[in-house]
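Subject: A structure for you to look at

Hello! Here is the structure I promised to pass on, and below it are some notes on what turned up. Please keep the view open while you read.

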Amino acid sequence: MQKRNATVAVIGAGDFIGGEIAKKFASEGFTVFAGRRNGAKLEPLVKEIEAAGGEIHARSLDARKEEEIISFLGDADKHAPLEVCIFNIGANVNFPILETTERVFRKVWEMACYGGFLTGREAARLMLPRGKGTILFTGATASLRGGKGYAAFASAKFGLRAVAQSMARELGPQNIHVAHLIIDAGVDTAFVRERIKARGGDAALASLKADQLMNPQSIANAYWYLHTQSRDAWTFELDVRPYGESW
């Protein structure tokens with residue numbers, strides 16, 4: 001592994017997509033700054049990256065708090081220039097509209113949209129003086145389509161997409177690559193498999209093909225691909241789904 005004098009910040013370094021993104025960039029020589037709400041849950045990721053010879057700094061982080069985002073990204077940039085920043089907070093909840101409380105709606109928006117705005121703005125503040133950087137936002141099917149029970153989640157993801165699009169148009173000419181990824185299928189996790197079983201029983205679970213759900217490593221590769229694109233052919237929006245997913 002060739003070490004780079006650069007950091008990647010992964011905000012929302014969960015057990016699946018976020019963790020795999022962190023591992024991918026660590027394997028490419030980046031120092032990883034990983035944050036999630038409960039920093040203690042990052043311990044397995046830290047051990048895995050360090051065992052592979054990578055470097056990671058992990059901590060608890062509430063992306064809804066401006067001062068925490070400023071501190072987190074500032075510390076990453078002080079360690080080595082912040083070259084990549086990834087906002088990967090989900091906030092996927094499903095409530096019938098009459099059961100969607102004011103608190104739920106506001107909290108989901110704060111996590112999935114407002115936190116993305118804070119992250120993108122502060123990453124841009126650090127990258128612009130150097131005229132270089134990549135800022136990536138994780139979206140979902142709900143970024144494009146409001147579904148039954150997803151008023152809170154879809155509105156937040158619609159908003160995050162708008163933030164990303166506005167940033168891309170403003171920052172692209174200044175050599176900051178901003179992109180939005182739409183993860184348009186279930187990710188292969190125990191949680192998703194339990195949901196499939198709850199909907200369709202053991203038969204539905206047994207009928208799943210090996211690559212019908214998205215492998216988190218495959219998704220992480222998509223983030224790396226965007227970062228390594230030549231700037232004469234930058235992608236703003238990349239939607240990824242398994243071959244068998246209807247859309």
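Two strands count as paired if DSSP finds at least two bridges between them. Strands (E, at least two residues) and helices (H or I, at least four) are DSSP runs, numbered from the N terminus.

Before the details, please note that this is a predicted model: local features need pLDDT of at least 70, side-chain atom pairs count only at pLDDT 80 or more, and totals for chains, interfaces and linings use all residues. Residues are numbered from 1 along each chain as its sequence is written, and side-chain values use heavy atoms, with hydrogens and water left out.

Let's start with strand β1 (residues 7–11). Which strands pair with β1? One is β2 (residues 31–36), joined to β1 in the parallel sense by five bridges; there, G35 is the bridge partner of I11. The other is β4 (residues 82–87), also parallel to β1 and linked by five bridges, with V84 standing opposite V8. Together with helix α1 (residues 17–27), β1 and β2 form a right-handed β-α-β unit. A crossover is called right-handed if, with the strands pointing away from the viewer, the path from the first strand over the helix to the second runs clockwise.

Is β1 enclosed or open? Five of its five residues are buried, so β1 is largely enclosed by the rest of the structure. Here, buried means under 20% relative accessible area, exposed means over 50%, and partly exposed is in between (1.4 Å probe, protein chains only). In a regular strand the side chains alternate between the two faces of the sheet. In β1, T7, A9 and I11 point one way while V8 and V10 point the other way.

Over in β4 you will find E83, which counts as buried because its relative accessibility is 15%. Leaving aside residues up to four places away in sequence, E83 touches A6, T7, F30, M127, K132, G133, T134 and H227. Contact means heavy atoms within 4.5 Å.

Next, have a look at β6 (residues 176–183), where eight of eight residues are buried. I176, V178, H180 and I182 lie on one side, and H177, A179, L181 and I183 on the other. Eight bridges connect β6 to the parallel strand β5 (residues 133–140), and T138 has L181 as its bridge partner in β6. Between β5 and β6 the chain passes through helix α5 (residues 151–171), in a right-handed β-α-β crossover. β6 also pairs in the parallel sense with β7 (residues 237–240), over four bridges; L181 stands opposite L238 there.

Two loop residues deserve a glance too. Most residues other than glycine have a negative phi. A91, in the loop between β4 and α4 (102–127), has a positive phi near 65 degrees. N175, in the loop between α5 and β6, has a positive phi near 70 degrees. At 16% relative accessibility A91 counts as buried, whereas N175, at 22%, counts as partly exposed.

Enjoy exploring!
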